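Please open the model in your viewer and keep the sequence beside it. We will select a few places in turn and look at what surrounds each of them.

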Amino acid sequence: MNISLCTITFRHHLMSLGEIAAWAQSNDFQGIELWGAHARNLAQQPDRNADWLDTFGLKVPMISDYLPLDADPETLRHKTVELCRLARRWRTRKIRTFAGSRGSLCVSSEERQLIAQRLREICAITAGYGIQLLAETHPKTLADTAASTLRLIEEVDHPAFAINFDTLHVWEGGDDPIVIHRQMKPHIRHYHLKNVCDRSDLPVFEPANVYAAAGRRDGMTPLFEGTLNYVDFLLEIEEDGQVDASLEWFGNDCLDILRRDRRQVRRVIEGREPVRRTVNFL
């Protein structure tokens, strides 16, 4: 299993990518998932690219961004091409976006059809660059429940379309991540791993809260100290071989938490399991 950290973790920190890469290298990470905003800003530094990151023994498994599906077609095409060029610079074949900005129960059939059409059009562009477009399982999008996500895969119907499986959000949508993983596995290309103290704490992951420097962080918890059973889930996905996953941490004490979570993930995978099993998913 290839484990990456996410640069969005450091959205409010004064750390350079070089400092992050050196730390990731020394703490057994295999990659750095680039936040789209960071990838665009780094375009001003031509010496920061995949070759440079290779010197740390690291790769960029995915660039995570938010393509404007509700924009006019030319703007969407321009943003997609820009992102594909950034992906090429970092030699990644995966771009993450959200499937709209409204939940599956809130959209009309016409709106849903339009979003699926836009995603298909984007896939036609990314495929030309040898890149896959991943829709993240996420609330307030068309991938907010397993049923809607599986339906969306059928509606988009493009070989370049795939899923970023955010385990917490799958559970948030009312589904058992292990059960749904087995159904969705042929379409999954990446995993986001994070946990929460209790279902009542899920609002801490609302984008407006996450991106606010003074946002609430209590309720965010290390991977093996929350309500989801990540021991069993990691053993489930490890059976698939060299999958790509990212530790998505938005809280405080990021270096300490990421270091500890990475160490414990390794011990679980190696069968030394020093961490307690938490409650079942549902």
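Is asparagine 195 buried or exposed? Bear in mind, before you select it, that this is a predicted model. Asparagine 195 has a relative accessible area of 1%, and because buried means under 20% relative accessible area, asparagine 195 counts as buried.

**Stop one: asparagine 195**

With asparagine 195 selected, show the strand around it, which is β8, residues 195-196. Next, display backbone atoms and look for the nitrogen of threonine 227, which the side chain of asparagine 195 reaches at 3.4 Å.

**Stop two: tryptophan 90**

Now move to tryptophan 90, in the loop between α4 (73-89) and β4 (94-97). Tryptophan 90 is buried, with a relative accessible area of 2%. Leaving aside neighbours within four places in sequence, its contacts include Leu17, Leu34, Arg48, Asn49, Trp52 and Ile63. To relate this stop to the previous one, draw a line from the C-alpha of tryptophan 90 to that of threonine 227: the two residues are 35 Å apart in space and 137 residues apart in sequence.

**Stop three: two helices**

Select helix α6 (residues 146-156) together with helix α8 (residues 177-184), whose axes are 11 Å apart and which pack at an angle of about 10°. Angles under 35 degrees count as roughly parallel, and α6 and α8 are therefore described as roughly parallel to each other. Show side chains to see the contact, to which α6 contributes Ala146, Thr149, Leu150 and Ile153, while α8 contributes Ile180, Gln183 and Met184. Sorted by class, this contact of α6 with α8 has five nonpolar residues, two polar ones and no charged ones.

**Stop four: leucine 258**

Go on to leucine 258 in helix α11 (residues 254-269), a residue that counts as buried at 1% relative accessibility. Not counting residues up to four places away in sequence, leucine 258 touches Leu5, Thr9, Phe10, Trp23, Phe29, Leu247 and Trp249. Methionine 1 is 257 residues from leucine 258 along the chain, and their C-alpha atoms are separated by 16 Å.

**Last stop: the annotated span**

Finally, colour residues 22-253, which an unreviewed UniProt entry annotates as the domain "Xylose isomerase-like TIM barrel". This span is 40% helix and 16% strand, and its end C-alpha atoms lie 18 Å apart.

Key
Residues are numbered from 1 along each chain as its sequence is written. This is a predicted model: local features need pLDDT of at least 70, side-chain atom pairs count only at pLDDT 80 or more; totals for chains, interfaces and linings use all residues. Side-chain values use heavy atoms; hydrogens and water are left out. UniProt positions are given in the numbering used here, feature names are shortened, and annotations may be inferred rather than shown by experiment. Helices (H or I, at least four residues) and strands (E, at least two) are DSSP runs, numbered from the N terminus. Axes are lines fitted to C-alpha atoms, for helices over the stretch in contact, and angles run from 0 to 180 degrees between N-to-C directions. Angles under 35 degrees count as roughly parallel, over 145 as roughly antiparallel, 65 to 115 as roughly perpendicular and the rest as oblique. Contact means heavy atoms within 4.5 Å. Ala, Val, Leu, Ile, Met, Phe, Trp, Tyr, Cys and Pro count as nonpolar, Asp, Glu, Lys and Arg as charged, and the others, Gly among them, as polar. Buried means under 20% relative accessible area, exposed over 50%, partly exposed in between (1.4 Å probe, protein chains only). A polar contact is a pair of N or O atoms within 3.5 Å; within protein, one must be able to donate a hydrogen and the other to accept it, and residues adjacent in sequence count only if both atoms are side-chain atoms.
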